[in-house]
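Hello,

Here is the structure for you to look over. My notes on it follow below.

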Amino acid sequence: MSNYHIKNLEEYYQVYRKSVRDPESFWAEIAEEHFVWRKPWDKVLEWNFSTPEVKWFEGAQLNITENCIDRHLATKGDKTAIIFEPNDPSEKAQHISYKELHEKVCAFANVLKDQGVKKGDRVCIYLPMIPELATSILACARIGAIHTVVFAGFSATALSTRINDCECNMVITSDGSFRGTKTIDLKGIVDEALESTPTIKSVLVVKRTKADINMKSVRDHWLQPLLDKADKDCPIEIMDAEDPLFILYTSGSTGKPKGMMHTTAGYMVYTAYTFKNVFQYKNGDVYWCTADIGWVTGHSYIVYGPLANGATTILFEGVPNHPDFGRFWDIIEKHKVNQFYTAPTAIRALAKEKLDYVENHDLSSLKVLGTVGEPINEEAWHWYNDNVGKKMSPIVDTWWQTETGGIMISPIPYTTPTIPTYATLPLPGVQPALMDEHGKEIKGNQVDGRLCIKFPWPGMARTIWGDHKRYKETYFSTYENKYFTGDGALRDTVGYYRITGRVDDVIIVSGHNLGTAPIEDAINEHPAVAESAIVGFPHDVKGNALYGYVILKETGESRLHENLRKEINQIITEHIGPIAKLDKIQFTVGLPKTRSGKIMRRILRKIAHKETDNLGDISTLLNPEVVQEIIDNAL
Ligand code: WT7
């Protein structure tokens, strides 16, 4: 039996029990057997959830790119590491072998060094889904620079906020990006963002769309000529196990985005281990995750996890509906994809289209189907299972978070019997707990509560960049000695978990984590707006959509409301990005508030859900009369 690769349910239970009984030797065995270390660790784990401080493999030295690239060269040098599938299906796909990946990453790393980037510096990457996104990440990791990828759908304001928060000195971007039939001026967005980022010294620009863009002298450089001149070999920087690997921003329920900081050794071991088991990847398989590398799913399961296992991973530039709604199925057929990992929102969107799109393609290569990002509803699960998997490919409903670094609760395909909407069992090393409102753990099965994790796992984020106090308050203060996920969950009679959704003010729209506060802050910038409150409501494709209640400074004429709605969404697009736009905007004279002045979102949520029969006791509100007026005008 190997701890690393679980092949049946009995093994799962054995391995799981061992991981709880003796977590240190469990992870040490995996780390020792499956990775290259420049120096072994002195101590496997040191932890304290009240400070909080967690260290894995302390004293060890390594470089993650040596593990993801160099060590495969002897046996898999010619194997394809990355298949790049362009937005335009008539443009040829690129197959980048491990040997080529090594050269590309080394050359890129040398360019970074020439530009003055040093170990510990922060480099912001704002790129579309092109090979340079993966190679720039790996180039940073090779020289010990900390990458912070910003999803290329974020606005200039969102980009500059992130650059300033972690004080990056370089941005890597492209002239533009292709998304379906659209071309987006990424460099223009970067130029705007950089008007307010004093720390940025240089910008590297990948040529992709060949758009005519502005290059600011001294600051901006085209990447390709620098790569052409660079040496194709670059020694690794030897990193300590707990040296930061990357920062990735995620929304919180309040305030500015949180820069989740992940470190080197634990993250590597955890993403590699979970990738192997959750996708049951075997040599020769072709694996495809449709996420954008701008999100943690792409970091862990397009780049690091697959490459650490010497896998072939697809990087897709485009969108599911271009040139038509058959694009995903076309790519699966074309590259004979074995493991396919996507989001419920994509499944729901594709399930609305003609079944012909699916049926016209040969999907017989598929062995495992995955979903991530939000709870998958039963209907979407069945559609996916029946039409894509033909009831032959197990679905892994994987629950995890930016903060957890890797998958935490998920079936192991061909091992764990699946039930629609259940993420099922914790992976080895993961110790979930359900908590009640009084802070007590709820034991036993057939119960529901707030989902916590009570023991550290190697992939967990170690802090919020520059704000350890917030890290402690957000994740380790709600329940003593436990990591609080912000999600609710139930545990059934056999111990399976079903994630029921967020219990805080984070709303998951199309699988994107959106905090209400930053959106409200953006809306309140509109000169006509006095106050606003955002809640989620069910949407058949996006899962949730956003409903805004807005109080105007002057009631105004209702004929102007349509324009105001457009302007409000425009402001949100500028501050955050189009993903945070509101589907419904209701203008109101007041918002229900408690006597201490807190907005009662619970009531607003019920109205947006059209569940107004049982609003509970509203008599204690400061202004109960506004509730009826809001109901009467609800959209
Ligand atoms: C939140 C984390 C993890 C990568 C993508 C999202 C929700 C995630 C599931 C799932 C139900 C899920 C949770 C979680 N979520 N996966 N399989 N079932 N809910 O990362 O942006 O950090 O969001 O996504 O609410 O807390 P993220």
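Ser-202 belongs to strand β11, which covers residues 202–206. Please keep in mind that this is a predicted model.

Is Ser-202 buried or exposed? Its relative accessible area is 6%, and because the cut-off for buried is under 20%, Ser-202 counts as buried. Setting aside neighbours within four places in sequence, the residues in contact with Ser-202 are Gln-115, Asn-169, Met-170, Val-171, Arg-219 and His-221.

Now the domains. The domain assignment gives domain 1 as 9–319 + 399–430 + 442–489, and domain 2 as 510–632. Taken over C-alpha atoms, the centres of domain 1 and domain 2 are 34 Å apart.

Contact between the two involves 12 residues of domain 1 and 14 residues of domain 2. The size of an interface is often given as the accessible area lost when the parts come together. Between domain 1 and domain 2, about 850 Å² is buried, and 51% of that area is on carbon and sulfur atoms. On the domain 1 side, Ser-155, Ser-251 and Trp-295 contribute 37% of the area buried against domain 2, more than any other three residues.

What holds for polar and charged groups there? Five residue pairs are in polar contact between domain 1 and domain 2, both residues at pLDDT 80 or more. The side of domain 1 that touches domain 2 has three nonpolar residues, nine polar and no charged. The count of salt bridges between domain 1 and domain 2 is zero.

Regards

Terms used
Residues numbered from 1 in each chain as written. Predicted model: local features only at pLDDT ≥ 70, side-chain atom pairs only at ≥ 80, totals over all residues. Heavy atoms only, no water. Helix = DSSP H or I, 4+ residues; strand = E, 2+ residues; numbered from the N terminus. Buried < 20%, exposed > 50% of the residue type's maximum accessible area, 1.4 Å probe, protein only. Contact = heavy atoms within 4.5 Å. Domains from an automatic or database assignment. Buried area = accessible area lost by both parts, 1.4 Å probe. Salt bridge = Lys/Arg side-chain N within 4 Å of Asp/Glu carboxyl O. Polar contact = N/O pair within 3.5 Å; in protein donor to acceptor, adjacent residues only side chain to side chain. Nonpolar A, V, L, I, M, F, W, Y, C, P; charged D, E, K, R; others polar.
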